[in-house]
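Have the chain open as you read.

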Amino acid sequence: MGAALALSERSRGRTAPNPNVGCVLVRDDRVVGRGWTQPGGRPHAEAMALVQAGEKSRGATCYVTLEPCAHISSRGPACADLLVEAGVARVVIGLGDPDPRTNGQGAARLRAAGIEVIENAAEAQARAAMPGFLTRRAKGRPFVTLKLATSLDGRIALDSGESRWITGPESRAHAHLERARHEAILVGRRTWEIDRPKLDVRLPGIELRSPRRLILSATGDLARPSDIASLEGIDHLLVEGGAETAAAFLREGLVDRLLLYRAPILIGAGKSALGDIGLAELSAAHGRWRMIDTRMLGSDRLEVYASA
């Protein structure tokens with residue numbers, strides 16, 4: 001299952017509105033097929049793995065991060081049916097599919113065909129691997145990551161507006177990798193007009209995974225943060241700036257994940273990372289975030305927080 005979860009990450013940010021799923025087929029203690037959801041959502045992970053395995057899929061165990069789909073669409077057959085036809089003996093499912101077209105029906109169809117099924121074998125890990133798909137179904141909007149790159153004293157620029165570069169090359173490379181894992185990236189109108197950021201991916205080999213660029217303003221792509229619910233084909237949204245845009249998303253409770261890149265420098269008087277986020281009292285600031293990862297990137301520290 002760990003291998004299937006790792007495969008699912010290959011297509012994160014490229015499969016919406018479908019989930020990014022990973023699948024591994026094992027027979028006689030050997031991997032005979034691997035698959036992950038392809039860009040645009042098809043083929044599904046199971047279909048890819050079954051094609052690779054061929055006849056070796058008969059009697060195999062299928063490890064898949066999400067319950068195999070039970071519905072037939074114009075874009076392809078149901079994965080539950082494909083697994084039955086291939087003659088797999090056992091299916092280990094990381095997480096049940098909340099899509100009402102499947103939601104238990106995929107597992108039921110497999111059992112009806114005499115296949116052993118183990119459900120929710122890696123529920124927490126599978127949820128963490130496909131946050132966009134699950135957030136879209138639970139909340140009707142994309143999963144939102146807010147990125148902040150600051151000095152030790154929480155500044156994002158000098159008073160003059162100079163901000164290149166607060167963090168080092170390792171942090172910037174990591175931020176480009178994060179961009180590649182999102183369908184869209186958003187900044188405020190002021191940041192767009194002053195900085196003219198490229199908002200693309202400039203890492204060798206994955207330049208084509210640059211996300212769609214969006215501007216938040218009355219005359220931009222979105223007038224309000226709440227409008228993200230209407231974005232089609234976008235399940236992972238990266239918010240990069242500026243301070244008022246970041247504050248607006250926090251104020252409306254729309255941030256699911258926070259990336260904080262902190263450089264070992266002091267700026268003093270300068271531009272704050274955030275504007276007013278609507279706190280009336282200090283006690284309301286506590287308990288909202290939990291750290292899920294931290295690491296050094298060169299001389300910078302990255303801290304990753306999830307909304308509590």
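A salt bridge here is a side-chain nitrogen of Lys or Arg within 4 Å of a carboxyl oxygen of Asp or Glu. Before using that, two ground rules. This is a predicted model, so local features need pLDDT of at least 70 and side-chain atom pairs count only at pLDDT 80 or more, while totals for chains, interfaces and linings use all residues. Residues are numbered from 1 along each chain as its sequence is written, and side-chain values use heavy atoms, with hydrogens and water left out.

**The chain as a whole**

The protein chain has nine helices and 14 strands; these are DSSP runs numbered from the N terminus, helices being H or I with at least four residues and strands E with at least two. Its radius of gyration is 22 Å, close to the 19 Å that the globule rule gives for 308 residues, so the chain is as compact as a globular protein of that length. (That radius is taken over C-alpha atoms, and the rule is 2.2 Å times the number of residues to the power 0.38.) Along the principal axes, the C-alpha trace spans about 70 × 35 × 35 Å.

Of the 308 residues, 50% count as buried. Buried means under 20% relative accessible area, exposed over 50%, and partly exposed in between, using a 1.4 Å probe and protein chains only. As for contacts (heavy atoms within 4.5 Å), take those between residues at least 6 apart in sequence: 72% of them join residues at least 24 apart.

**Salt bridges**

How many salt bridges does the structure hold? The count is 18, and three of them are listed here.

| Pair | N to O distance |
|---|---|
| R101 and D99 | 2.8 Å |
| R257 and E178 | 2.9 Å |
| R12 and E9 | 3.6 Å |

As for R257 and E178, they pair up in a salt bridge at 2.9 Å. R257 lies in strand 11 (residues 257–262) and E178 in helix 7 (residues 169–179), so this pair ties together parts that are 79 residues apart in sequence. Both R257 and E178 are buried.

**Charges over rings**

A charge sits over a ring if NZ of Lys or CZ of Arg is within 6 Å of the ring centre and within 35 degrees of the ring normal. R10 lies over the face of W36, at 4.4 Å from the ring centre, and R172 does likewise with W165 at 4.5 Å.

**Two buried residues**

E303 is found in strand 14 (residues 300–307) and counts as buried at 10% relative accessibility. Which side chains does E303 meet in polar contacts? One is R262, at 3.1 Å, and another is Y305, at 2.7 Å. A polar contact is a pair of N or O atoms within 3.5 Å; within protein, one must be able to donate a hydrogen and the other to accept it, and residues adjacent in sequence count only if both atoms are side-chain atoms. Leaving aside neighbours within four places in sequence, E303 also has contacts including L258, M291 and D293.

G22 lies in strand 1 (residues 22–27) and is buried, with 0% relative accessible area. Not counting residues up to four places away in sequence, G22 touches residues that include A4, W36 and Y63.
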